[in-house]
Structure formats: structure tokens, C-alpha cells
Amino acid sequence: MQDNTISVCYSGNKRVFPGLLLSVMSLAKYTQRPLHIYILSMDLHEQNANYLPFSENQIHILNEVLRQKNPESCAELIDVGEFFRKELAAGKNAKNYYTPYAQLRLYLSELEQMPDKLIYLDIDTMAASDIGQLYDIDISGYEYAAALDYMGKFWISPVYCNSGVLLLNLPELRRTKLFPRVREYVAKHRMIMPDQTALHRLHRKRLILPMRFNEQRDIKKDTVVKHFCRGIFWLPFFHIYNIKQWERDAVHKRLKIHYYDDIYDQYDQLAKSYDLEK
């Protein structure tokens with residue numbers, strides 16, 4: 001039988017487990033195919049007391065949720081702290097608006113256990129339909145595929161992409177050494193959006209995806225991934241918001257999104273059965 005597993009990667013720390021769980025639950029809801037979830041993390045508590053890796057209990061909860069939908073699905077935790085400390089811990093962007101965990105994806109080409117094709121998702125994303133629609137896109141000859149950044153395409157470049165959703169071709173990335181070059185650039189140049197900007201500047205061949213694969217505003221009929229990233233409210237006055245999917249009241253009241261209410265209900269049931277913070 002042909003393996004039709006969808007491989008997905010996240011990176012983060014223990015504190016954002018509610019977001020990770022909600023995101024994985026949405027993936028499982030909308031696909032019938034097995035999911036292999038790779039989770040990059042590390043212990044960096046010396047920099048910030050909240051910078052702790054996901055726990056074994058949290059990975060166990062993810063596996064329980066995944067296998068209830070498909071017994072062939074699984075979640076796997078990978079510690080990449082040693083890689084980070086060697087190159088980026090003392091770099092120009094070690095302390096940034098974004099946590100250092102966002103930079104862990106830059107080590108994916110160094111991990112031998114990774115499949116040739118992989119979706120990377122920021123934890124503040126939720127599937128709105130079958131993630132297989134993204135995974136099955138042919139990226140032969142491309143290093144990666146990404147959708148445009150909603151604000152960056154106006155303020156930075158018409159082809160500036162958002163790195164919160166990436167479809168990665170790891171053999172090609174290893175061939176062009178894109179990630180090592182990006183890591184070196186991130187270590188030496190201070191940037192507001194470090195790895196995202198470095199990927200934009202250093203890539204050699206990238207496929208630009210339709211926005212439905214990284215919808216950064218309202219969910220539409222054809223949306224595959226909803227990204228709960230920063231945006232702008234123009235009324236009653238101009239201000240930037242940054243509402244995440246685990247901030248349920250704000251998702252309902254300010255973003256007017258009720259698309260995930262059934263997943264929120266399932267999350268509440270899980271919270272009664274498991275200690276999600278342990």
C-alpha cells in the first residue's frame with residue numbers, strides 16, 4: 001500500500017501548548033489521511049523562565065487525539081537546542097519580538113529523520129479544510145512554497161512571503177544550502193522578522209502559493225489554513241492586533257470567527273480529562 005501520510009512540523013515551547021493542540025486537532029478533523037507531526041523544541045529557561053520544551057505528557061495528549069481519528073497518526077518531539085546554541089543563541093536576533101523557537105525550523109535540513117517533503121506550520125495556524133491540498137502540491141525543483149504576506153506585500157515587496165506556512169522540499173534545500181545560509185544571515189543581521197526576511201532575500205527558487213493556503217484575514221470558502229497573525233483594525237481607530245486562536249473570547253468578539261467552535265468544545269472536554277499544563 002502506498003504511504004499517504006502527511007508530514008507536518010511545528011516549533012515552540014511548553015507555554016503555547018494550547019495553540020499547538022488546537023492546531024493539531026484542526027488538522028485531524030479535516031483529513032482522513034495519517035498525520036506525522038514533528039515538533040521542534042528546546043530548553044532555554046536560562047534566557048526566559050517560560051522557555052521550556054513541551055513535556056512528555058503533552059506529546060502523549062497529542063498522540064491520543066491523533067490516534068482517535070487515525071491509528072496510523074503520531075506526534076514526535078525533537079530537541080534541537082544543541083543546534084541552536086551552537087549558531088543562533090548569541091546571534092543578532094537571539095532576543096527579538098518573535099521567540100527564538102521560530103528560528104528552529106532553520107535546522108530542519110540538518111535532521112536526518114525528516115521526510116523529503118514537509119509542511120511547516122506556525123503554532124498560530126488552524127486548518128480550515130484538508131491539509132492534504134497543500135501537501136500534494138508538486139514542488140519539484142523548488143526549495144519551498146509559501147503564500148504572500150498580507151501586509152508585507154504592500155510595505156516591503158510585492159513578492160514578500162509569509163513564513164508561517166511553508167511547503168518544504170528538503171533534498172533541494174540541502175542541495176542549495178538555503179537554511180545554513182539563512183542561519184548565518186540571521187546570526188549577523190538584526191531584523192524585525194529575521195528568518196522570514198532572510199528566506200525572502202536568500203532563496204533561489206520559490207513557488208508562491210495562493211492565499212488560501214495561508215489566509216491571514218477572514219476565512220473564505222476555499223481556505224485551507226487560517227493564520228492568526230498580526231493585522232490591522234482601522235475602526236474606531238487605527239491599531240495593530242495580534243489575536244491567537246487560543247484567545248477564544250477575542251476570536252469570537254473581535255475577529256467574529258466561530259468556525260472552530262466545535263473544536264473549542266472538544267478542547268474543553270480534553271481539558272477535563274488531562275492536565276494540559278503538566
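Select helix 1 and helix 2 (residues 56-69) to begin: their axes come within 9 Å and cross at roughly 15°. That makes helix 1 roughly parallel to helix 2. Angles under 35 degrees count as roughly parallel, over 145 as roughly antiparallel, 65 to 115 as roughly perpendicular and the rest as oblique. Axes here are lines fitted to C-alpha atoms, for helices over the stretch in contact, and angles run from 0 to 180 degrees between N-to-C directions. Helices (H or I, at least four residues) and strands (E, at least two) are DSSP runs, numbered from the N terminus.

This is a predicted model, where local features need pLDDT of at least 70, side-chain atom pairs count only at pLDDT 80 or more, and totals for chains, interfaces and linings use all residues. Residues are numbered from 1 along each chain as its sequence is written, and side-chain values use heavy atoms, with hydrogens and water left out.

**Stop 1: helix 1 against helix 2**

The crossing of helix 1 and helix 2 is right-handed. A crossing is right-handed if the near helix is turned clockwise from the far one by less than a right angle, and left-handed if anticlockwise. Show side chains next. Helix 1 brings Phe17, Leu20, Leu21, Val24, Met25, Ala28, Lys29 and Tyr30 to the contact. Helix 2 answers with Gln58, Ile61, Leu62, Val65, Leu66 and Lys69. Contact means heavy atoms within 4.5 Å. By class, this contact of helix 1 with helix 2 has 11 nonpolar, 1 polar and 2 charged residues. Ala, Val, Leu, Ile, Met, Phe, Trp, Tyr, Cys and Pro count as nonpolar, Asp, Glu, Lys and Arg as charged, and the others, Gly among them, as polar.

**Stop 2: helix 1 against helix 10**

The crossing of helix 1 and helix 10 is right-handed. Pick Pro18, Leu21, Leu22, Met25, Ser26 and Lys29 in helix 1. They meet Asp262, Ile263, Tyr264, Gln266, Tyr267 and Leu270 in helix 10. The contact of helix 1 with helix 10 has 8 nonpolar, 2 polar and 2 charged residues.

**Stop 3: the cores**

Which residues have the most contacts inside the largest nonpolar core? Select Leu21 and Ile37; the core has 52 residues. Helix 1 supplies the largest share of this core, 8 residues. A nonpolar core is a set of buried Ala, Val, Leu, Ile, Met, Phe, Trp, Tyr and Cys residues joined through side-chain atoms within 4.5 Å. Buried means under 20% relative accessible area, exposed over 50%, partly exposed in between (1.4 Å probe, protein chains only). In soluble globular proteins, nonpolar side chains tend to be buried together.

Center on Ile37. Not counting residues up to four places away in sequence, Ile37 touches Val8, Tyr10, Val24, Leu27, Leu66, Cys74, Ala75 and Glu76.

**Stop 4: helix 8 and its cover**

Move to helix 8 (residues 194-202): 8 of its 9 residues are buried, so helix 8 is largely enclosed by the rest of the structure. The buried ones are Pro194, Asp195, Gln196, Thr197, Ala198, Leu199, His200 and Leu202. What covers them includes strand 6 (144-147), strand 7 (165-169), helix 7 and strand 8 (206-209).

Helix 7 passes helix 8 in a right-handed crossing. From helix 7, select Leu178, Phe179, Arg181, Val182, Tyr185 and Val186. From helix 8, select Pro194, Asp195, Ala198, Leu199, Arg201 and Leu202. The residues of this contact of helix 7 with helix 8 divide into 9 nonpolar, no polar and 3 charged.

**Stop 5: two lysines with positive phi**

Most residues other than glycine have a negative phi, and most peptide bonds are trans. Select Lys177, in the loop between helix 6 (170-176) and helix 7 (178-188). Lys177 is not a glycine, yet has a positive phi of about 55°. Lys177 is exposed, with a relative accessible area of 51%.

Jump to Lys256, in the loop between helix 9 (248-253) and helix 10. Phi of Lys256 is near 60°, a positive value. Lys256 counts as exposed, at 61% relative accessibility.

**Stop 6: Gln133**

Finish on Gln133, in helix 4 (residues 132-135). Gln133 counts as partly exposed, at 34% relative accessibility. Leaving aside neighbours within four places in sequence, Gln133 is in contact with Arg212, Phe213 and Val224. Draw a distance from the C-alpha atom of Gln133 to that of Thr31: they are separated by 9.6 Å, though 102 residues apart along the chain.
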